Amino acid sequence: MTEILSPKVLVIGGGPGGYVAAIRAGQLGLNTVLVESDRLGGTCLLRGCIPSKALIHAAALYDEVRATSEAGGRFGIRTAAAPSIEWSETIAWKDGLVDVLSGGVATLLRKAKVRVVDGWARFTDAKSCIVQTAKGEIAISPEHVILATGSSSLELPFLPFGGKVIGSTKALSLQEVPERLVVVGGGYIGLELGSAFARLGSQVSVVEAQARILPQYDAELTDPVRKWLERQGVALHLGAKALGAAGDGLEIETAAGERMVLPADRILITVGRQPLTQGWGIETMALAMNGPFVRVDDRCATSTQNVWAIGDLVGEPMLAHRASAQGEMVAEIIAGKRRRFDPAGVVAVCFTEPEIVSIGAFPAEVQSDEVVIGHFPFNANGRALTMDAAGLGGFVRVVARKADHRILGIQAVGRHVSEFAGEFAALIELGAVLEDVAGTIHAHPTLGEAVHEAALKGLGHAIHI
């Protein structure tokens, strides 16, 4: 027997966009149903941000301990033997974190009185769908639909997933640390995972078609990452093309036109992600598209009335916190509030070693004679020196309009600079000027003093350089 539901709001997808939208809708008293075919949490929690950062942390700790067993030790600390790693226990620890967080999402949804339906929704028109569950079919006819189906990893047609060719999801659940890992794609996903496996002992090679790693950032920001990778023994093949599996590895064509085979036990493909638009009946909903993405306006409204779309489904940047912000906003619009999605900036974080955090304008994106740039190196920051975080050339950089000192962009590269993300976002969103930062007392000794000093440098009177 088919159960029939007619909620005020139907959310498709339980990731950071969908579950946040559902929770906020529930908080606002809206009768809300969320449909998810997998566990709650989406790509971010189950296969992306959380598990990858857990493994990155474990790999960094292992690498630090290993360094104490080498000649000279580390900070005067020496161990008699190199550490070992029980990879299955590391994976179990990572999976345990995912379990806790996914369960936490379920608890929050129950607290907000959101009904969760476990199954795959297939729409027959814009306001009608059928969900096949373990207990039978459920027909849902909501007043509003919020589409938050997320994205999936891109495959290369000549290197389909299978065997030794894997995507990031598989890389996070490998049964063993590969002895030889070739990463195709020098963006943030490939370098985050490649860095982690390099620290765990893998021989890592990166194949990137562009002339630089992390091409979305400027060379000044990426140089410290490149130096760390080279110091770690990671082979960078820049300006190179992956041609296909050959022999026991991957055949590539180098920037010089030479063909060679990189031996590999695993070939990790990290060339991007694509919106998940297939398999749930998008063709029945009369949605206007913007290339591969669903087209929305500044309220995340689609071309079909009372159908909303958020997160990776609607375009770049594909970031969990952007999806969450959109989800919260759409729930409030449905509840009658006046909202629109027009952030001054969306902060991005790259968890390589060292980390990169950025928001707003880069120096190359503005007229050099119309801005001032404050640049402060971590080798002049006491806290960075105590953390051995200054050796690769990390820094904080502030881009401000010369006329009124309004901060247009701010970036940093260095160990643990991801923790700057909140301050950077607040400065941009609140329209801060250099004098605001200069007049804010930053605690000593912290890395944050570098933000203060970068603003002072922009004003022409840095203290510690």
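Helices in these notes are DSSP runs of H or I with at least four residues, numbered from the N terminus. I note at the outset that the model is predicted.

**Entry 1: helix α10**

I looked up what follows α10 and found Gly431 just after the helix, with a positive phi of about 65 degrees. I then listed the buried residues of α10 (residues 421–429), namely Ala421, Phe424, Leu427 and Ile428. Viewed down the axis of α10, these buried residues stay within an arc of 135 degrees, so they line one face of the helix. In general, an α-helix has 3.6 residues a turn, so residues three or four places apart point the same way. I traced the packing partners of the buried residues of α10, among them β25 (395–401), β26 (407–414) and α12 (449–459).

**Entry 2: an open sheet**

I examined an open sheet of five strands, paired in parallel and ordered β10-β17-β11-β12-β13. Its edges are β10 (165–166) and β13 (235–238); each has a single partner strand, so one side of each lacks a neighbour in the sheet. I followed the parallel pairing of β11 (residues 180–184) with β17 (residues 266–269), which runs over four bridges. Within it, Val182 has Ile267 of β17 as its bridge partner. Helix α6 (residues 188–199) packs on this sheet, where it touches β11, β12 (203–208) and β17. I recorded an angle of about 165 degrees between the directions of α6 and β12.

**Entry 3: aromatic pairs**

I searched the whole structure and found four aromatic pairs. For Trp87 and Phe197, the ring centres are 6.1 Å apart and the planes stand at 55 degrees, so this pair is tilted. Trp87 lies in helix α4 (residues 87–111) and Phe197 in helix α6, 110 residues apart, and the pair thus links distant parts of the chain. I found both Trp87 and Phe197 buried.

Definitions and conventions: Residues numbered from 1 in each chain as written. Predicted model: local features only at pLDDT ≥ 70, side-chain atom pairs only at ≥ 80, totals over all residues. Heavy atoms only, no water. Pairing = 2+ DSSP bridges. Helix = DSSP H or I, 4+ residues; strand = E, 2+ residues; numbered from the N terminus. Contact = heavy atoms within 4.5 Å. Axes fitted to C-alpha atoms, helices over the stretch in contact; angles between N-to-C directions. Phe/Tyr/Trp six-rings, centres within 6.5 Å; stacked < 30°, edge-to-face > 60°. Buried < 20%, exposed > 50% of the residue type's maximum accessible area, 1.4 Å probe, protein only. Arc of directions from axis to C-beta.
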